[in-house]
Amino acid sequence: MTLVVYSSVILLFLLYFCTTNHPLHLFEILFVWFMIIFSHENFLALFSLNLKWIEPSEEPQMITSIVISRLFFTPAIIIWSIGRFYRIRLKSAKGGFLLLILGLLVGLDYAGDYFGLYTFEGMKVWAVILEWSTILLLAFLMQLGYRKLMRIGGHFNA
């Protein structure tokens with residue numbers, strides 16, 4: 001049941017993500033997407049699993065849901081939030097939007113714990129907030145670095 005609901009929500013969001021107009025270049029989206037996956041999986045492997053903060057479920061459908069979430073849903077949310085961030089004009093609204101996205105990502109982690117995808121053994125709230133804050137910061141830095149690199153190379157003007 002969890003796999004069906006989770007996959008349906010992810011599919012709807014990915015359809016929305018793929019059909020909307022983005023202020024980011026396609027290669028920029030792909031680069032940031034893969035770097036988010038890389039940094040998130042490394043954090044998961046280094047801290048969460050080695051320190052036994054998270055215990056993943058043993059059921060195959062739950063593992064499939066975790067993989068779908070980590071590879072598609074989470075990067076799509078972060079890329080979407082980067083695109084929306086650049087469309088917001090007020091600085092206070094930008095800060096509030098980042099806090100909203102941070103809350104959404106932390107809430108998704110705790111929803112995974114609630115639905116049994118994994119269980120938080122020693123994971124504290126501050127560690128989850130620190131994880132997502134770091135990943136959001138890295139995503140923004142990677143996106144800015146990619147734009148700077150492409151402008152220096154003169155490949156596109158975005």
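Where is the kink in H3 centred? I began with this question, and I found a kink of about 40 degrees centred on Ser69, taking the bend at a residue as the angle between axes fitted to the seven residues ending there and the seven starting there. I kept in mind that this is a predicted model, in which local features need pLDDT of at least 70 and side-chain atom pairs count only at pLDDT 80 or more, while totals for chains, interfaces and linings use all residues. Residues are numbered from 1 along each chain as its sequence is written, and side-chain values use heavy atoms, with hydrogens and water left out.

**Helix H3.** I looked up the span of H3, residues 60-87, and noted that its 28 residues reach 40 Å from first C-alpha to last, close to the 40 Å expected at 1.5 Å a residue; that expected span is 1.5 Å times one less than the number of residues. Helices here are DSSP runs of H or I, at least four residues, numbered from the N terminus.

**Aromatic pairs.** I searched the whole structure and recorded 5 aromatic pairs, that is, rings of Phe, Tyr and Trp (its six-membered ring) with centres within 6.5 Å, called stacked under 30 degrees between planes, edge-to-face over 60 and tilted for the rest. Phe85 and Phe140 are edge-to-face, because their centres are 5.0 Å apart and their planes stand at 75 degrees. This pair joins helix H3, which holds Phe85, to helix H5 (residues 125-153), which holds Phe140, across 55 residues.

How values were computed. Helix = DSSP H or I, 4+ residues; strand = E, 2+ residues; numbered from the N terminus.
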